[in-house]
Amino acid sequence: MLDLKLTDARIRTVDDARPLARTLGVLGDVVVGLDEAVADLPARTVLDCGGATVVPGFGDAHNHMAWFGQSLDQLDLTAARTTDAVYGAVARKAAGLPSDGWVVGSGYDDTVMGAHPHREALDRAGGGRPVWLTHRSGHMCTVSSDVLRRCGVLDGTAAEPAGGVVVRRPDGDPTGLLQERAQSLVTALVMPYPVEELAGAIGRASAVYAAEGLTHVTEAGIGAGLIGRSPAEAAAYQLARERGTLRTRVELMTAADNLHPLGAHADDGITAGIDLGLRTGFGDAWLRLGPMKIWLDGSLVGRTAALTEAACGHPHAGGVYQDEPEDMRRLIVEAHRSGWRVAAHAIGDEAVDLALDAFEEAQRDAPRPGVRHRVEHSAVVRPDQLKRYASLGVVPVPQAHFLHAIGDTMADALGPARVDWLYRHGTFLRHGLRVPGSSDRPVAPGAPLLGMQSMVERLSRDGRVLGADDRVTAEQALRAYTLDAAWAGHDEQRRGSLSPGKLADFVLLADDPVRTASSRIGAIDVLATFVAGRCVHGADALEQRTTPAGTVPVTGEQAP
């Protein structure tokens, strides 16, 4: 007997051997058959989908789950269009805090407002309280004078971290803006966050993800570094799982800052790792270690990306590297040799060169065919770099919805001669590469259907088409967020398509994203989300569609 049978559904399997079906059977946590193979089998629960579209569960190959979860409790500045709007929001938040309470916000965008908030105005708005506002890119923040005083910038006792910039006026006075690794001056005051707090944030994020149809995400950097929240960050994910609040499968990238010499036997070839020699692949289908994540350069929005030609309006190319390029290259090679997959953050084409050179050297030094190293973002890729991606088997991980959220800013930074080098999804496909869907949330909204719409349309917020030749079909966009996202994580054998024997992770949608007008893809309602054959979102709405009524298998408050 089946545990669950879906009937009267429009099932897009994302399996070329059988692209469409009407009936799907689940036994335990796997799909066991389609249509005639299961149509006549009894089931404990039969779900009449009423013609709804069923697709494999969506995957996000690059997001920041704990950061996003924490941001849900912070001052949201994404809608601010002027610095005065920021100051007003800070003042309202401060009014409800004690005199020593921190005003913490995120999501502001200087390119929209025309400037970064200034520390002296933040002093007034916050009533002298410490104010810490993170830029939407995550690559910079603005703080009040009290925060600069606490971290030693005002009295000159703080050393400016390598790979970071304390922005100053011509007279040397700090403005309050801290770029790249200079943000560590602030995070040192508040981190590490307690595991309990992080587990709560992860649970809140997971609920949002389930409501958007996400069944698997990759957390792009834990433990230390630019995005890490705690040296014990993995424990927070484990705690959320034990409590039953982790509704989404998670792959955890370990930030390169966590790697260190292990003193392993010389024959092991392990020269860089984390304690006990744990590496990529450790864990299970719900929670496991993914690639080593290394940040090479900065951001295009912040003009800190490493470009071979300067961004428009900037006199110098090169950007801000997070460390000495030779040291980062060596670490990539050591991580490869030690058995890690590597995910290299590279925005500018010069940083892409560094990543590709390191991957080529690593494979020459210690061949690992099919390892699928990645270049996170692959934001600005020159034509001559495309064949190197293909020949090295490197996975580009771009974020299509950036084109809408911040595409105008990035296009202005590159100018018309280079704008077609941005997030080259269609071009990557034509070079035989597979491109996973991802968001970099909370840098940009992370709903997969919004990302799919941007893949198809490539429209900026101002309505410009950015790189018309890189638009893809809706079917290719669906594949990016399902099978290709699974493939990027070496997981295509057990998820990414609704094929017999694969995990029963799927989403019920009100409309078919492949047949819906492109301008409406992002607005399609997610009716329900299932992980391992159990409903993690939308169970109440399905109760009237089930036989017997109200018996939808639900993931409860226990470990999956």
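Biologist: How do helix α7 and helix α8 pack, and at what angle?
Modeller: Helix α7 (residues 195-211) and helix α8 (residues 233-243) pack at an angle of about 60°, and their axes are 8 Å apart. Axes here are lines fitted to C-alpha atoms, for helices over the stretch in contact, with angles from 0 to 180 degrees between N-to-C directions. Helices (H or I, at least four residues) and strands (E, at least two) are DSSP runs, numbered from the N terminus. This is a predicted model, where local features need pLDDT of at least 70 and side-chain atom pairs count only at pLDDT 80 or more, while totals for chains, interfaces and linings use all residues. Residues are numbered from 1 along each chain as its sequence is written, and side-chain values use heavy atoms, with hydrogens and water left out.

Biologist: Why give an angle and a distance for two packed helices?
Modeller: Those are the terms in which two packed helices are described: the angle between their axes and the distance between the axes.

Biologist: So what do you call the orientation of α7 and α8?
Modeller: They are oblique to each other. Angles under 35 degrees count as roughly parallel, over 145 as roughly antiparallel, 65 to 115 as roughly perpendicular and the rest as oblique. The crossing of α7 and α8 is right-handed; a crossing is right-handed if the near helix is turned clockwise from the far one by less than a right angle, and left-handed if anticlockwise.

Biologist: Which residues in α7 and α8 meet?
Modeller: From α7 there are V195, E196, L198, A199 and I202, and they meet E233, A235, A236, Y237, L239, A240 and R243 of α8. Contact means heavy atoms within 4.5 Å. By class, those residues divide into nine nonpolar, no polar and three charged. Ala, Val, Leu, Ile, Met, Phe, Trp, Tyr, Cys and Pro count as nonpolar, Asp, Glu, Lys and Arg as charged, and the others, Gly among them, as polar.

Biologist: Next topic! Which residues of the largest nonpolar core touch the most other members?
Modeller: F58, M65 and Y237 do, in a core of 51 residues. A nonpolar core is a set of buried Ala, Val, Leu, Ile, Met, Phe, Trp, Tyr and Cys residues joined through side-chain atoms within 4.5 Å. Buried means under 20% relative accessible area, exposed over 50%, and partly exposed in between (1.4 Å probe, protein chains only).

Biologist: And what does M65 touch?
Modeller: Leaving out residues up to four places away in sequence, M65 touches I202, A205, S206, Y209, V217, E219, Y237, L246 and V250. There is also a second, separate core of 32 residues, which includes A272, V342, A355 and V435.

Biologist: Back to helices. How do α9 and α10 cross?
Modeller: The axes of α9 (residues 325-337) and α10 come within 9 Å and cross at roughly 40°. That pair is oblique, and the crossing of α9 and α10 is right-handed.

Biologist: What about α10 and α11?
Modeller: The axes of α10 (residues 349-365) and α11 (residues 383-392) come within 11 Å, crossing at roughly 30°. That makes α10 roughly parallel to α11, and their crossing is left-handed. In α10, D349, V352, D353, L356, D357 and E360 meet Q385, R388, Y389 and L392 of α11. This contact has four nonpolar, one polar and five charged residues.

Biologist: Is α13 mostly covered or mostly exposed?
Modeller: Mostly covered, with seven of its eight residues buried. What covers the buried residues of α13 includes α3 (110-113) and α12 (402-405). Just after α13, G415 has a positive phi of about 85°.

Biologist: Last one: where is the peptide bond to P442 and what is its omega?
Modeller: The bond from R441 to P442 is cis, with omega near 10°. P442 is in the loop between α14 (425-430) and α15 (448-457). Another cis peptide bond joins T547 and P548, with omega about -10°.
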